[in-house]
Amino acid sequence: MEATFLLTLLITFLASFIGYELISKIPQTLHTPLMSGSNAISGITLIAAILIYPEVGESQLLKIIVLIAIAFATLNIVGGFSVTGRILEMFKKND
Amino acid sequence: MIEIILLVSAILFIFALKLFGRPSTAHRANTFAMLAMALAVFSAFNFDFSKYDSAFYITIVVSGLLGVLISKRVQMTQMPELVGLFNGFGGGASGAIAYVELSGNSLPISDVFVAIFSMVIGIFTFSGSLVAVMKLRGKLNNFNKKLADIFSVFLPAIILIPVVLEMDDLLIEFIILVSLIGGVIRVAVIGGADMPVVIAFLNSLSGIAAMSAGFIVNSIILIVAGALVGASGIILTLLMCTAMNRTLLDVLKGGFGGTAINNEYEKDPTSTSPEDVAIQLSYAESVVIVPGYGMAVAQAQAAVKELTNTLKDKNIEVKFAIHPVAGRMPGHMNVLLAEVDIDYEDMFTLEDINSEFSSTDVVMVLGANDVVNPLARTDEDSPIYGMPILDVDLAKQVIVIKRSMSPGYAGIANPLFINDNAKMLFTDAKEGLENIIKSFELV
């Protein structure tokens with residue numbers, strides 16, 4: 001997906017606005033699962049790592065740094081969702 | 001095709017965030033978010049999986065398995081540390097990607113700005129989160145505040161470096177070093193009880209770092225998801241700040257609390273015994289329990305559940321009053337109570353329960369201090385003046401389970417403890433509750 005810079009800025013603004021509006025009424029009980037879940041989502045930076053990995057060229061150092069980024073982001077995503085699932089499981093059994 | 005997958009992914013992310021807002025739908029939110037993530041990651045390959053070597057796939061599989069392993073084995077009481085740790089990894093990943101983009105390609109100047117921004121925020125989040133984890137484990141004391149203040153002026157300044165200087169390797173390394181140290185000492189000056197703010201703030205930063213990485217690699221889905229996380233993190237951060245009547249800047253400045261300012265009392269508190277508490281409780285019709293960080297430290301949640309059951313069997317109404325910043329992360333107490341199957345319908349927020357205290361027979365304060373200190377309402381010179389508190393002093397009787405008269409985080413005396421309607425049970429929260437439960441069998 002490519003877009004002009006201004007359009008991208010508009011999308012950024014809209015996404016931030018939606019995020020702000022959706023979360024502003026969240027009950028206290030869900031603060032931890034929300035934080036843990038959104039924390040997992042921030043691992044989406046994995047996409048950037050996947051996109052640049054084939055393009056790092058010959059440098060072994062840069063390649064290793066991208067691999068570290070991939071490891072970190074994957075840990076963040078998988079671990080984050082898994083923990084969120086565990087937390088939500090505790091709330092679910094009350095229903 | 002890829003565009004459609006990405007569109008679906010973005011919509012799923014937005015719905016996931018919406019579903020996170022209600023207890024009955026929150027578990028579906030996680031599934032939605034996972035699905036959105038899977039689609040987004042899949043689309044990044046652009047149907048060409050052969051471009052990637054075995055080192056790439058091995059890294060993904062091994063770190064994925066490691067993530068599952070860590071998250072399954074960690075105990076619920078260590079949840080704040082774990083969230084902090086994963087958050088640091090996310091920030092570190094964005095920082096590393098920005099570094100590679102900076103040193104590998106010749107980027108246009110606007111991208112250089114974004115890349116430096118992403119790198120600074122990402123690395124700051126990384127080192128800051130690791131320090132927060134150490135703080136949460138109690139392994140780090142407060143750091144010299146002056147040094148941290150001098151250093152923090154640097155951080156915004158280095159983002160502007162490309163205006164005056166041509167980027168080279170040495171300069172980039174210098175920026176990395178400053179961001180690393182910046183994250184360490186900024187978080188190091190902030191006291192443990194302010195961690196709910198810090199954790200939420202770092203969470204927001206990791207989203208912003210991911211968002212700016214999206215600008216560098218031109219990925220809309222990365223920008224959208226990063227912005228969603230950044231915005232929701234900011235909401236939680238501000239909520240936590242409001243709950244303490246302090247500004248974000250004030251919290252980040254650090255140096256608050258940790259030392260006793262004034263802990264003198266006009267008279268001695270009345271102490272009580274587990275037997276007396278059991279008798280007091282058995283004559284009550286309504287009981288409100290106020291959990292604090294002391295409950296988490298003593299791991300008393302199972303005992304809380306047992307006492308709740310005992311009271312409910314006697315037809316005594318039991319409610320929980322939870323202050324927004326009780327514990328070490330947003331919603332910490334709610335999670336600990338949910339872990340032992342306490343119904344979230346019984347957990348009340350400050351706004352919902354404050355009007356009920358005057359008609360409550362017995363309030364039990366479990367290892368909470370500043371959040372029930374009436375000086376926040378009355379003493380204009382107090383450091384916590386204006387902070388919304390749970391008005392437990394208005395209840396008919398108050399029992400405070402606490403190991404000693406030592407002050408809380410704010411370092412001030414709590415006149416609640418010497419109130420006429422209050423009695424102190426000097427013990428650890430878990431031991432105290434267990435003894436009360438034992439005494440019930442004799443009542």
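This is a predicted model: local features need pLDDT of at least 70, side-chain atom pairs count only at pLDDT 80 or more; totals for chains, interfaces and linings use all residues.
**Ground rules.** Local features here need pLDDT of at least 70, side-chain atom pairs count only at pLDDT 80 or more, and totals for chains, interfaces and linings use all residues. Residues are numbered from 1 along each chain as its sequence is written, and chains are lettered from A and ligands numbered from 1 in the order written.

**Strand β5(B).** I looked up residues 397-402 of chain B, and 5 of the 6 are buried (20 or more other C-beta atoms within 10 Å of a residue's own, C-beta atoms being placed from the backbone). Strands here are DSSP E runs of at least two residues, helices are H or I runs of at least four, and both are numbered from the N terminus. Strands pair if DSSP finds at least two bridges between them. I found 5 bridges from β5(B) to β4(B), residues 362-366, running parallel, with B:M364 partnered by B:I399. Another parallel pairing, also of 5 bridges, links β5(B) to β6(B), residues 422-426; there B:I401 sits opposite B:L425.

**Helix α4(B).** Next I checked residues 79-104: 24 of the 26 are buried, so this helix is largely enclosed by the rest of the structure.

**Helices α1(B) and α10(B).** I then turned to residues 2-19 and 220-244, whose axes come within 9 Å and cross at roughly 10° (axes are lines fitted to C-alpha atoms over the stretch in contact, with angles from 0 to 180 degrees between N-to-C directions). I noted them as roughly parallel (angles under 35 degrees).

Key: A residue is buried if 20 or more other C-beta atoms lie within 10 Å of its own, exposed if 12 or fewer, and partly exposed in between; C-beta atoms are placed from the backbone. Angles under 35 degrees count as roughly parallel, over 145 as roughly antiparallel, 65 to 115 as roughly perpendicular and the rest as oblique.
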